[in-house]
Structures are given as C-alpha cells and as structure tokens.
Amino acid sequence: FNRAYRGHPMPQTLEAFKVAERTGLNNRRMLVAMGIATVVGIAAAYWGMLHIFYRYGIHGSIIGPGDTFGREPWVRLHAWLTDPLFQGPNLPQSIAIGVGVIWVAILGAFRLWFTWWPLHPVGLAVSSSWSMGMLWFPMFLGWAIKALLLRYGGAAAYRPAIPFFIGLVLGEFVVGSFWNLFGVAFGVDTYHFWPY
C-alpha cells in the first residue's frame with residue numbers, strides 16, 4: 001500500500017554524511033550543500049515534468065512513471081475525501097506496519113547477536129516491492145557468490161573481490177547512462193536499463 005521507496009532521499013543523505021566523515025569534510029557544509037541540492041532538484045523535477053507533459057501530453061503519448069506515480073496519490077486522496085464509507089485509519093494496514101517493525105527489529109537483533117545469521121532486515125523491506133520480481137535473480141546470484149567466497153575462501157578471498165563487484169554495479173550505471181544520453185543526443189531508441 002506504500003508503493004515504492006526508490007526516490008527516498010535517506011540512503012543518499014546517510015552515504016553523503018559517511019563520505020564527509022571519512023574524508024574529513026565539514027558536516028555543516030555538507031548539510032548546506034544537500035539543502036541547496038534538494039531545493040534545486042525539486043525545482044528541476046517540477047519543471048521537467050511540467051515541460052514534458054505540456055510538450056507531449058500526459059495521456060497516451062508518453063510512457064513512464066509520471067502518468068502513474070504523479071496521479072496515484074491524488075486519486076487515493078480523492079477517494080479518502082469523497083468516499084462516504086471511509087471511516088478513518090485502516091487498522092489492518094496499521095497492524096501490518098507494526099508487525100513489520102517488530103520483525104525487522106528481531107532480524108536486526110539476530111544479525112547483531114549471531115554472526116552466522118543469514119537474513120538481513122533490509123531483505124524484508126526490499127522483498128515486498130514490485131521490483132523484486134525483476135531483481136530477485138541478480139540479488140540471489142550476488143548472495144550465492146558472496147556465500148561461496150566466504151565459505152571456501154574466507155575474508156582473504158572476499159575482500160579482494162569487493163572492488164570487482166562494485167565495478168560491475170558502477171559499470172551498469174555508466175553504460176546505462178551512456179546509452180540513454182546517446183539516445184537523447186541522436187534521437188534514437190536505445191536499450192532501457194529499467195522497464196520505463
């Protein structure tokens with residue numbers, strides 16, 4: 001019922017503060033820079049969406065998340081405000097959130113207490129997203145390779161392999177960005193690295 005969290009700014013914010021801490025940057029300057037980037041990013045996103053919608057139209061002529069994600073919260077709010085049967089908070093959803101919080105806390109505690117515990121609390125949050133249907137095999141493959149490296153080679157085999165796998169992820173982003181920019185620059189359809 002919460003859709004997806006891909007646009008949530010918290011992971012990037014935490015990573016920026018961690019990078020600032022490790023490199024000795026001033027956290028106050030980092031906070032100011034992120035505040036400016038947030039304001040500019042929001043303004044650019046509003047302008048970009050409005051520009052595309054006014055130029056190409058919102059229905060039928062474009063395919064993408066703007067038509068769905070942009071409309072979805074307002075349709076839900078309209079239903080809440082106009083439905084005479086709406087009685088207030090949704091108890092089953094509230095209970096589901098509570099159970100999820102408790103289960104994540106248990107998984108997190110087990111992960112801290114037992115070094116052999118295989119389940120990470122992030123897995124619970126990620127597994128309930130619709131995108132898991134497209135990403136389950138790469139995640140499984142990464143987990144299996146990591147498990148094999150740790151089991152048969154230990155930390156001595158695992159640590160040197162980390163840059164290689166980070167390079168694979170970075171390579172996908174670089175190649176995907178290149179092809180998208182190539183398509184925009186030359187006006188050709190290119191391979192999309194996500195279903196949009």
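**Chatting through a predicted all-helix model**

Modeller: There is one salt bridge in this structure, meaning a side-chain nitrogen of Lys or Arg within 4 Å of a carboxyl oxygen of Asp or Glu. Before you ask, this is a predicted model, where local features need pLDDT of at least 70 and side-chain atom pairs count only at pLDDT 80 or more, while totals for chains, interfaces and linings use all residues. Residues are numbered from 1 along each chain as its sequence is written, and side-chain values use heavy atoms, with hydrogens and water left out.

Colleague: Okay, which side chains meet in that salt bridge?

Modeller: Lys 18 and Glu 21, at 3.5 Å from N to O. They're three residues apart in helix 1 (residues 10–23), so about one helical turn separates them.

Colleague: Is Glu 21 buried or exposed?

Modeller: Exposed, at 53% relative accessibility. Lys 18 is partly exposed, at 40%. For the cut-offs, buried is under 20% relative accessible area, exposed is over 50%, and partly exposed is in between (1.4 Å probe, protein chains only).

Colleague: And Ala 20, buried or exposed?

Modeller: Ala 20 also sits in helix 1, and it's buried, with 0% relative accessibility.

Colleague: What is Ala 20 in contact with, leaving aside neighbours within four places in sequence?

Modeller: Leu 25, Asn 27 and Met 30, where contact means heavy atoms within 4.5 Å. Take Met 30: its C-alpha lies 7.2 Å from that of Ala 20, and the two are 10 residues apart along the chain.

Colleague: Back to helix 1. How many residues does helix 1 have, and how far does it reach?

Modeller: Helix 1 has 14 residues and spans 20 Å from first C-alpha to last, close to the 20 Å expected at 1.5 Å a residue. That expected span is 1.5 Å times one less than the number of residues.

Colleague: What follows helix 1?

Modeller: Gly 24, with a positive phi near 80 degrees.

Colleague: Zooming out, how many helices and strands are there?

Modeller: Seven helices and zero strands. Helices (H or I, at least four residues) and strands (E, at least two) are DSSP runs, numbered from the N terminus.

Colleague: How much of the chain counts as buried?

Modeller: 11% of its 196 residues. The chain's accessible surface is about 16,200 Å², and 72% of that belongs to carbon and sulfur atoms. Those areas come from the Shrake-Rupley method with a 1.4 Å probe; for residues, only the protein chains shown count as cover.

Colleague: New topic: how many aromatic pairs does the whole structure have?

Modeller: A search finds 13. One of them is Phe 182 with Phe 186, a tilted pair at 4.8 Å centre to centre and 45 degrees between the planes. Rings of Phe, Tyr and Trp (its six-membered ring) pair if their centres lie within 6.5 Å; planes under 30 degrees apart are stacked, over 60 edge-to-face, and the rest tilted.

Colleague: Where are Phe 182 and Phe 186?

Modeller: Both are in helix 7, four residues apart, so about one helical turn separates them. Phe 182 is partly exposed at 29%, and Phe 186 is exposed at 58%.

Colleague: Which residues do ring pairs link into a cluster?

Modeller: Phe 110, Trp 113, Phe 114, Trp 116 and Trp 117.

Colleague: Last one: which residues make the nonpolar surface patch?

Modeller: Among them are Trp 136, Phe 140, Ile 145 and Leu 168, in a patch of about 930 Å². Trp 136 is in helix 7 (residues 132–186). Patches are made of residues with over 30% relative accessible area and no salt bridge: like charges are joined within 9 Å, nonpolar side chains (Val, Leu, Ile, Met, Phe, Trp, Tyr) within 5 Å.
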